[in-house]
Amino acid sequence: MTDIIVGEDGRARCAWAGADPEYRRYHDEEWGTPLHGDRPLFEKMSLEGFQAGLSWITILRKRPRFREVFAGFEPDAVAGFDEVDIERLMGDAGIVRNRAKIEAVIANARLVEAMASGELDALIWSFSPEGHVPPASFAAVPATTAESTALSKELRRRGFRFVGPTTMYALMQSAGLVDDHIAGCWRAA
């Protein structure tokens, strides 16, 4: 697989963006763009947790429904979910119906709700690596880093679930803590 593809618009992109219009839009407009705010980062953390073991395009295509059934990922609203909500979510074919992941999102929302405003944002961004060099090829993109492992460890210490080092590195990539657009991609730094 080549690391870069050129779309019909003439732009060179990371090959994973492929030909799917939604995936290309995500690559061009979201992935690697610095993201701040407790709610947006809670949403990213939740969706990255749901993605574990699946492809990101699956989650991306289901994201509108996830947002709808998880109250826009407002931590205060999700923190109030109960067993009735869990059963409702387990019956919704528009999302990933994994009880452990659903319960983790609710438990994580309760932890975010208990934090001071801006604390989740500050915590996550405190693990942004200094001097990150965008990769020259897909082979140079790590699955985990010392920073993603440390972030995972700190979140787990605080009681968060589905926040392993690989999931946290995916969060760091998608939320722009690192720029992993491949050299030659129009989005690369």
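Student: How much space lies in the largest pocket?
Tutor: About 390 Å³. Keep in mind that this is a predicted model.

Student: Which residues are closest to the centre of the largest pocket?
Tutor: Trp31, Glu48, Trp56, Ala170 and Gln173. They belong to a lining of 18 residues.

Student: Which elements give two or more residues to that lining?
Tutor: Helix 1 (21-29), helix 2 (38-51) and helix 9 (165-174).

Student: And which helix gives the most?
Tutor: Helix 9, with six residues.

Student: How do the lining residues divide into nonpolar, polar and charged?
Tutor: The lining of the largest pocket has 11 nonpolar residues, five polar and two charged.

Student: New topic, packing. At what angle do the axes of helix 2 and helix 6 cross?
Tutor: Roughly 160°. The two axes come within 10 Å, and helix 6 covers residues 99-114.

Student: So what does that make helix 2 relative to helix 6, roughly parallel or roughly antiparallel?
Tutor: Roughly antiparallel, because the crossing angle is over 145 degrees.

Student: Which residues make the contact?
Tutor: Helix 2 brings Phe42, Met45, Ser46, Gly49, Phe50 and Gln51. From helix 6 come Lys101, Ile102, Val105, Asn108, Ala109 and Val112.

Student: Last one. Is the crossing of helix 2 and helix 6 left-handed or right-handed?
Tutor: Helix 2 passes helix 6 in a right-handed crossing.

Technical notes: Residues numbered from 1 in each chain as written. Predicted model: local features only at pLDDT ≥ 70, side-chain atom pairs only at ≥ 80, totals over all residues. Heavy atoms only, no water. 1 Å grid on protein atoms, 1.4 Å probe; cavity = no way out; pocket = protein on both sides within 12 Å on 5 of 7 lines; lining within 4 Å. Points joined across faces, edges and corners; volume = space filled by probe spheres on them. Helix = DSSP H or I, 4+ residues; strand = E, 2+ residues; numbered from the N terminus. Nonpolar A, V, L, I, M, F, W, Y, C, P; charged D, E, K, R; others polar. Axes fitted to C-alpha atoms, helices over the stretch in contact; angles between N-to-C directions. Parallel < 35°, antiparallel > 145°, perpendicular 65-115°, else oblique. Left-handed = near helix turned anticlockwise from the far one by under 90°. Contact = heavy atoms within 4.5 Å.
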